[in-house]
Amino acid sequence: MKHKVTIFSLLLLLILACREPFEPDIEPSDQNVLVVEGYLDSDGSPSILKLSFTSELDGPIQDNSGLLGASIFLESSSGNQFPLTEIGQGEYLHETDIPEVDTYRLRIFLRNGNSYTSEELRPIITPDIIDAGFVKNETGVEIFITTQGDENADNFLWTYEEAWAFRPAISSPFKYDPDVQDVVIRGDEERNDICYKVSPNSDLLLETSSRFEDQFVFRQSISQIEQGDEKLSVRYSILISQKALSEEDSEFWEILKKNTDDLGSIFSPLPSLIGGNISFDQDPSAPVIGQVSLGKVRQKRLFIDNREVIPWGLEEIPEYVGCFISQDTVFIESYPTKLQSGIILPVRPIIPEGGFNPIGYLTAPVNCVDCTRRGSNVPPEFWED
Amino acid sequence: MRKLFLLLFLNFFGFAAFAQSGGERISGLFAQMNFERFANTVENQTSYEFHFRQKDVADVRVNLQLSDASLPNALDEIFSGTNLKYTIDGELGVWISSESRMQMNFSPQFFEIKERSDDETSIVDSVDRFARNKLYTIGRSTDDPEKSSATISGIVTSIENGEPMEGAIVLERVNYNQMVTGPDGYYELTLPKGRHTLVVQNIGGFQEQRQINLLGDGKLNMRIAETVLSLDEVVVSSGALSNIQKLDMGVQAISIDEVKRLPAVLGEVDLVRGILTTPGVNTVGEASVGFNVRGGAADQNLILYNQSTVFNPSHVFGFFSAFNADLTSGVELYKGSIPVNYGGRLSSVLQIDADFGNEEKFSGSGGIGLLTGRLSLEGPISENTTFKIGGRATYSDWVLNLLEDETDLNGSDVSFYDLNANIRHEIDEKNILEFTGYLSQDDFSFDPDTTFNYRNFNVAGTWRHFFNDQLEGSFTFGYDSYEFGIIGIENPLNSFDFSFEVEQFHLRSDFEYRKNENHIFKFGFHAIQYDLDPGTIQPFGPESILIEQDLERERAREFSIYFGDEFTINEELSISYGGRYMFYNMYGQQTINEYVPGAPITDSNVIGERSFGSGESVKTYHGPEFRVSARYILDNQSSLKAGFNTNRQNLHLLTNTSAIAPTDSWKLSDTYIKPQTGGQASLGYYRNLARGQVEFSAEVYYRYMRNLLDFRSGATLILNENIEQDVLNSDGRAYGIEFLLKKNVGDLRGSLAYTFSRSFLKTSDDPSIEKVNNGEFYPSNYDQPHNVVLALNYELSKRINTTLNTNYSTGRPVTLPISKFEYAGSERVFFSERNAYRIPDYFRIDFSVNLEGNHKVNKVAHASWSFGVYNLLGRSNPYSVYYTPIEGEIKGFQLSIFARPIPFITYNFRF
């Protein structure tokens, strides 16, 4: 409901309001605030803890070399230590099955001697996703999830990653082979008429199950795909991650979300100070950003095929504006000069009446034909057709 | 008739010219002086030249203290009780003769002749001509024969419409005892017994006089003519001193006419925007419901429509004022010394006076603007009863529809209306009943899925009783409520209906007792019964599976008694002192958490719960409030004032947005949320310049505030059962200096106000989960150090009136992102300390023109047009700034609400 207020006020602003870029002079400030991110899996599935530093707003991302070679471990209340292994770029891998009845602290020792300790962490076992599905409505397709909270898991965070197959504006099985100086049929591994794109999404969806009867979160909306979106032009997949959060975790994510989505519209709240559950041992008043959680992530993958949502009515794709097949035939003798560069690709053979071999090809610009310009022609590992 | 009218007209022109040749004003003490010396003194001071026969004036003794008085006034006094007459000619010759006036023939200056006993000219009808010369005997000589003085009181009403005349000056001519009538037209003067001449001056109208013979206490009601023409005020010199003489400080009164002349957004006359032209008042932005007075939060203003508390004084989220200007007669803002008869808020009292109906005839007025239409009707119901009702409503969404193509506002809908009904019944001359009713309703939806609505509802009845000439009492009983609701139907399974409501019953009795010339006692009793529903959310529609959540209602009672005395010690020094004692009690049913004593109030420190039965006392707070102020007159033209007062407030607005939103709910003080308290000390210097045409004032103040509410990071304000866990108890302090230069007469009028002020907050030293900015003082959201407002009004002719309004203020503080980091797949921002930066400064110029129709008396309806441009320069004044990731990169934006010149036009009529 809070979001509704924001949406409302944004809409209100559209009436008479005006939006302009704002670039204030920000005093250079201490940029060495450590950022810790991770939801560590308690039953041994690989999970990643990521360290970074804050950087200037308009500057480049901070050099994180100071984060190399940190020593990080989880320490149980009984004194056992479970180290994380460094995998580079500030990332550390955790894949130990830890007893879920115990409580833990995350300890971080940087090479420069600074050390950080988390508050006490208690693993939260995320309940299973009961159902994930989709429904077609007037504006497109809504993807939803159904789950149920329990006494340990009341607050939920959902994130998702999308993947979809798509086609170019103009499909062509042909390519120009400079070795034989002729147009040939593409091999399977060279296909450029169907591609895949994987796109992580940074939306944060938070909900408290105790708002609902029996903590039953029924058909919680995760994502909406607008009618005609290319994502559903062929086949679409979404991986929904469900994480149960403690009360404090939930507050942190709420602030993070608010501070990102909700700034400066008429009635939006004042920005909140973001902190987390990590503190700097050498100076407990210094800021550290990050809320580390322990638990079990539940995931569900969903596939939606274009056939399930027809009529879909594909919207025009900006990259494909102005894509059409050139009416000028490129004849065999000019293949090397016209097709060598790869700016245009052969798409339709011109076969004379009674003949068998093409005397030339109609062409189209490469960005209209080659889908690998916008994705990969190799389906991702999880892809099912 | 026509001739009379012409005469009238000329007379007034002459009179106005006379008032403006006001270089000829006299000051000084003339004690037991013979007339010749007096004449010499005056001749030295002015360019008047006296012509008289020695023997005529031999017996005349001048015994006067004059401050900036006009010569005719002085001569009227001097010659009262003699048979001497005077005439002043165009060359400023003063001709004194006995028995009959010297005729100067029909020179152009003829109409400047000013006479004491007007038996020759007839400027009003014969009834009143008779009234002017008749000797009224007041009281009986058998009443208190030992007393040398007596009190005359009464009501001044208008001949044209029978309504009480507010702001008329009743002046006695010997000692210049005077009083300005209140909204009820009431005046009261205590005078030595004997013959007097009372002069009644209605601003912009005729001067009237009555001869009285005061034998004892008594009443004299006077009906005086208002004018058809809108004329310059005739400045009664002693009246212009009122800013210097009055005891109050930090009071801004604005007439509805002044407000109506100001350029307004889409032409909707806005009382709150009128208040914003005065020093010490600012707002965080254009679309904000509230205003901030002297560094206080917006919920610290008590907004009274007559006796009713209005919780949300705006329409459409703060774009327009919720008060219909046709149903109000004046606005007063008390920001310095809050009178002892008001209490319950920390910063200020905005008193909006209701307008009551015309006693003589039915009439009406209305207008059509871009957004709304309004209509009001008034008149007598019976001999002693009058009514005035009015309404205003949006009649079309065309402004929105116009913009719908450009924006995605499908299904948007804005509508609002407000209704007022005021009835006044005069039982007899000692008992008056007044009833006021007010209803405002707003409904919006900006997308088809969510509907917002809010509503103010107020009714109050007042019985005013004049016990005797000294004691006046009024008794009010009323009901105020404010509610808002949000209905969301985006997802049928999740559809909700949220509602909030605050209600209060109030009972007040106020007494004013004038003991003698030196004391005015005010005392009374106020009781408020609060009943507040902090929020209920219900499933909406048959499919919704949302669980109903209903926060426990909060109930409390508040009693205050007060006593105050305005004590005139001598002519120079007056003091006002008094106090209130407030008793507040929250009672059950209520369940409250118990926390570890001395530890921060957090969820983890909950050690139990305590339930209170119905009516059982939950928490009691009580304490005094002090009101002290003093005025010392330095000389005729200037005075010094000082004041100190303290206040308590039990009702708090829960808001963590920079502007008040209609979805902000109110909260009563409870076990953990203590009453806000505060005090203010102020000192002011007042001076009249240019012979009273220009008023200057400077006031400095310092305020402290305790138990203010701030909120910790991530606080949830809606449907929070444990709101005390999210509140940060804060202290505040504010200080500032305000300068005001105001010219009230002439064709060019206006005011220039400059304010320098600061306002700071700090998380209090109590244990708390979070200390904003490490427990240091930080600027509050409405800390805008420099504020300049220039309002200029130029009267091109009697029918064309133009107003230019210029507004500058420092940008308000904001908390800005200072660095970025990656988290959960996106760039996120890290914020600076609270309010460490400011948005760009605010600057705006508005312009408006008011066109009056012609002034034929017999027209069926009088019409006028207002048009103008809001934000003439089209400057995009940022309302706020925000940052948002655009394609993964964080960009800053500033938002302006009225970023273009907004023209408006309104047609007004009255009949």
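User: What does the accessible surface of chain B come to?
Analyst: In this predicted model, the accessible surface of chain B is about 35,600 Å², and carbon and sulfur atoms account for 54% of that surface. Areas come from the Shrake-Rupley method with a 1.4 Å probe, and for residues only the protein chains shown count as cover.

User: What are the ground rules here?
Analyst: Local features need pLDDT of at least 70 and side-chain atom pairs count only at pLDDT 80 or more, while totals for chains, interfaces and linings use all residues. Residues are numbered from 1 along each chain as its sequence is written, chains are lettered from A and ligands numbered from 1 in the order in which they are written, and side-chain values use heavy atoms, with hydrogens and water left out.

User: Which residues make the nonpolar surface patch?
Analyst: The patch, of about 720 Å², consists of B:Phe477, B:Phe505, B:Leu507, B:Phe525, B:Phe559, B:Ile561, B:Tyr581 and B:Phe583.

User: Which strands each supply at least two of the patch residues?
Analyst: Strand 31 (496–516), strand 34 (554–568) and strand 35 (573–587) of chain B do. Strands (E, at least two residues) are DSSP runs, numbered from the N terminus. B:Leu507 lies in strand 31 and is partly exposed, with a relative accessible area of 42%; buried means under 20%, exposed over 50%, and partly exposed in between (1.4 Å probe, protein chains only).

User: Changing topic, how many aromatic pairs are there over all chains?
Analyst: The search of the whole structure finds 50. One of them is the tilted pair of B:Tyr305 and B:Tyr438, 5.7 Å centre to centre with 40° between the planes. Rings of Phe, Tyr and Trp (its six-membered ring) pair if their centres lie within 6.5 Å; planes under 30 degrees apart count as stacked, over 60 as edge-to-face and the rest as tilted.

User: Where do those two tyrosines lie, B:Tyr305 and B:Tyr438?
Analyst: B:Tyr305 is in strand 18 (residues 301–305) and B:Tyr438 in strand 28 (residues 431–447) of chain B, 133 residues apart. Both B:Tyr305 and B:Tyr438 are buried.

User: Why is the pair of B:Tyr334 and B:Tyr342 tilted?
Analyst: The planes of B:Tyr334 and B:Tyr342 stand at 40°, with ring centres 5.5 Å apart, so the pair is tilted. Both B:Tyr334 and B:Tyr342 are buried.

Note on methods. Patch = residues over 30% accessible without salt bridge, like charges linked within 9 Å, V, L, I, M, F, W, Y side chains within 5 Å. Salt bridge = Lys/Arg side-chain N within 4 Å of Asp/Glu carboxyl O. Helix = DSSP H or I, 4+ residues; strand = E, 2+ residues; numbered from the N terminus.
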